[in-house]
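Here's a quick briefing on a few packing details worth a look.

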Amino acid sequence: NWRQPNLFEVGLWRRIAVTRQKIVVIEDEPDILEVVEYNLSREGFQVITATTGDQGLEAVSREAPDLVLLDLFLPGIDGIEVCRKIKMDPMTQRIPIIMVSAKGEESDIVLGLGVGADDYVTKPFRPKELIARVKAVLRRGSLRAEGSGSERLVRGELSIDGARHEVRVDQKAVVFTATEFRLLHLLASHPGRVFTRDQLVSRVIGGGAAVIDRNIDVHIRSIRKKLGHLRNMIGTIRGVGYRFQDDGLED
């Protein structure tokens, strides 16, 4: 029953092939790699796999993927070093990275986020959770340019005007200090992205400021209080830091 496809069908399949987002998965455990590859492929992603850090770096350089799913512990070059090399290369530094780690490796998660990872998933994970996080990171990729501080951000009933230094909740103006405003704007500019306390200190307050990372907690509490019923927009990642809650994820 084979027939020659018509021009419309050829064009359709070409468009589908072009628009499929590409993900490099770097994972050395065969069972996990098989599950991840199957579920990502079923969601329509083009998946390229690697089982060592060196192979992963080569695949990222060759394929220029839309996202990298990176295991923390790998033969040869570990995940932290792979992440660092990707983020140091001007050709690959904008590619988002999701770290995969076993539970209880909190310090490694913090380290991974510190060298540029965008998010993390802990083993064992449910395929639905993995897909949700992958889609969330890809979705917010288009929002990266909004972090300049001069854009007007609208997140539901929350409005943040960088040019006017103005925050509105339910269309009512709320007064924020300069530090609180910068913190809120940074988090809201990258919905779903996890920021460690150290990252928030360096980006918002400045590396030379005499402020310890736990002072960020005080600022976050104040921000939440001023947000009122929208306070849950600022989510706490226990032992790691904070993120602006993405619609597709739950803590």
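The buried residues of helix α4 pack against quite a list of partners: β1 (22-26), α3 (53-63), β3 (67-71), β4 (97-102) and α5 (106-114). Helices here are DSSP runs of H or I with at least four residues, strands are runs of E with at least two, and both are numbered from the N terminus. This is a predicted model, where local features need pLDDT of at least 70 and side-chain atom pairs count only at pLDDT 80 or more, while totals for chains, interfaces and linings use all residues. Residues are numbered from 1 along each chain as its sequence is written, and side-chain values use heavy atoms, with hydrogens and water left out.

**Helix α4**

- α4 spans residues 79-88, and its buried residues are G79, I80, V82, C83, I86 and K87; buried means under 20% relative accessible area, with a 1.4 Å probe and protein chains only.
- Those residues sit on the same side of α4, because they cover an arc of only 165 degrees around the axis (the arc is taken from the directions from the helix axis to the C-beta atoms).
- At the N-terminal end, D78 does the capping: one of its side-chain oxygens lies 3.3 Å from the backbone nitrogen of I80.

**α3 against α4**

- The α3 and α4 axes come within 10 Å and cross at roughly 25 degrees; axes are lines fitted to C-alpha atoms over the stretch in contact, and angles run from 0 to 180 degrees between N-to-C directions.
- That makes α3 roughly parallel to α4, a label for angles under 35 degrees.
- On the α3 side G53, L57 and V60 meet V82, K85 and I86 of α4, contact being heavy atoms within 4.5 Å.

**F176**

- You'll find F176 in the loop between β9 (172-174) and α7 (178-189), and at 9% relative accessibility it counts as buried.
- Beyond its neighbours within four places in sequence, F176 is in contact with H165, V167, F181, L184, I223, K226 and L227.
- F176 and K226 are 50 residues apart along the chain, yet their C-alpha atoms are separated by 7.9 Å.

**S159**

- S159 belongs to strand β7 (residues 158-161) and is buried, with a relative accessible area of 11%.
- Leaving out residues up to four places away in sequence, S159 touches R152, L153, V154, E166, V167 and R168.
- The side chains of S159 and R152 make a polar contact at 3.3 Å; that term means a pair of N or O atoms within 3.5 Å, where within protein one must be able to donate a hydrogen and the other to accept it, and residues adjacent in sequence count only if both atoms are side-chain atoms.

Terms used. Buried means under 20% relative accessible area, exposed over 50%, partly exposed in between (1.4 Å probe, protein chains only). Angles under 35 degrees count as roughly parallel, over 145 as roughly antiparallel, 65 to 115 as roughly perpendicular and the rest as oblique.
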